[in-house]
Amino acid sequence: FAWGGTGEFCSLGLAEFRELVKGAVEETSSRLPVIAGVGYGTRLALSFVKAAEEAGADGLLVLPPYLLQSEQQGLYEHYRQIAAATRLGVIVYQRDNAIFAPATVARLCELKNVVGLKDGHGNMELLLRIQKQAGDRLAIINGMPTAELSAGAFKGLGITNYSSAVFNFVRSIARAFYDALITGDTPAMGRLLD
């Protein structure tokens, strides 16, 4: 994730964003996909979508409109318009002010380039209902702040993908935790969280 939801993308102007995504694409040299974080209201988000495409991003993490409590139809329209304007895969971000009903997720699943849902809300019951509605259509990602703290609960739903803020600061610990999660080494997970 390049310039995702932890405040990075919203501190950049459009030209800066384009250059930084381009730099991430060049740095990874196709070894890893670059998922660019975009957001704001729909019209402004579309400008960032275009810039991410021009910079060579492989996909988009699309945040909800800033600080708006949107109705389900409004959320659907925001993501529908963004998905329609790009060839890139779109990861929908469920968080704070954008909580999706399972029926809305089912409608989003009809959009061919909506490929994932990143959950930063943490309501396991709702997430299970969303997961059942989406089936295997979407990659679901644990997007909770300090995802390592909730990784065990998400794994209980079969979700082992997560974005890790810890990885930005102490990669060796983040990697060791992920390895322990995948192998089921609960004692190591506990030690690493201490």
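**Entry 1: helix H2**

I checked the length of helix H2 (residues 42-54) first: at 1.5 Å a residue its 13 residues should span 18 Å, and the end C-alpha atoms are 18 Å apart, which agrees. The expected span is 1.5 Å times one less than the number of residues. Helices (H or I, at least four residues) and strands (E, at least two) are DSSP runs numbered from the N terminus.

I note that this is a predicted model, in which local features need pLDDT of at least 70 and side-chain atom pairs count only at pLDDT 80 or more, while totals for chains, interfaces and linings use all residues. Residues are numbered from 1 along each chain as its sequence is written, and side-chain values use heavy atoms, with hydrogens and water left out.

I then looked up which residues of H2 are buried (under 20% relative accessible area, with exposed over 50% and partly exposed in between; 1.4 Å probe, protein chains only). They are Thr42, Ala45, Phe48, Val49, Ala51 and Ala52. Their cover includes helix H1 (14-28), strand E1 (35-38), strand E2 (59-62) and H3; contact means heavy atoms within 4.5 Å. Just after H2, I found Gly56 with a positive phi of about 95°.

**Entry 2: H1 against H2**

I recorded that the axes of H1 and H2 come within 8 Å and cross at roughly 30°. That makes H1 roughly parallel to H2, the classes being roughly parallel under 35 degrees, roughly antiparallel over 145, roughly perpendicular from 65 to 115 and oblique for the rest. Axes are lines fitted to C-alpha atoms, for helices over the stretch in contact, and angles run from 0 to 180 degrees between N-to-C directions.

From H1, Leu14, Phe17, Arg18 and Val21 meet Ser47, Phe48, Ala51, Ala52 and Glu54 of H2. By class I list 6 nonpolar, 1 polar and 2 charged residues in this contact (Ala, Val, Leu, Ile, Met, Phe, Trp, Tyr, Cys and Pro count as nonpolar; Asp, Glu, Lys and Arg as charged; the others, Gly among them, as polar).

**Entry 3: H3 against H4**

For helix H3 (residues 72-84) and helix H4 (residues 102-109), I found axes that come within 10 Å and cross at roughly 20°. H3 is therefore roughly parallel to H4. Gln72, Gln73, Tyr76 and Tyr79 of H3 meet Thr104, Arg107 and Leu108 of H4. This contact divides into 3 nonpolar, 3 polar and 1 charged residues.

**Entry 4: Gln94**

I located Gln94 in strand E3 (residues 89-94). Gln94 is buried, with a relative accessible area of 1%. Not counting residues up to four places away in sequence, Gln94 touches, among others, Ile99, Phe100, Leu117, Asp119 and His121.
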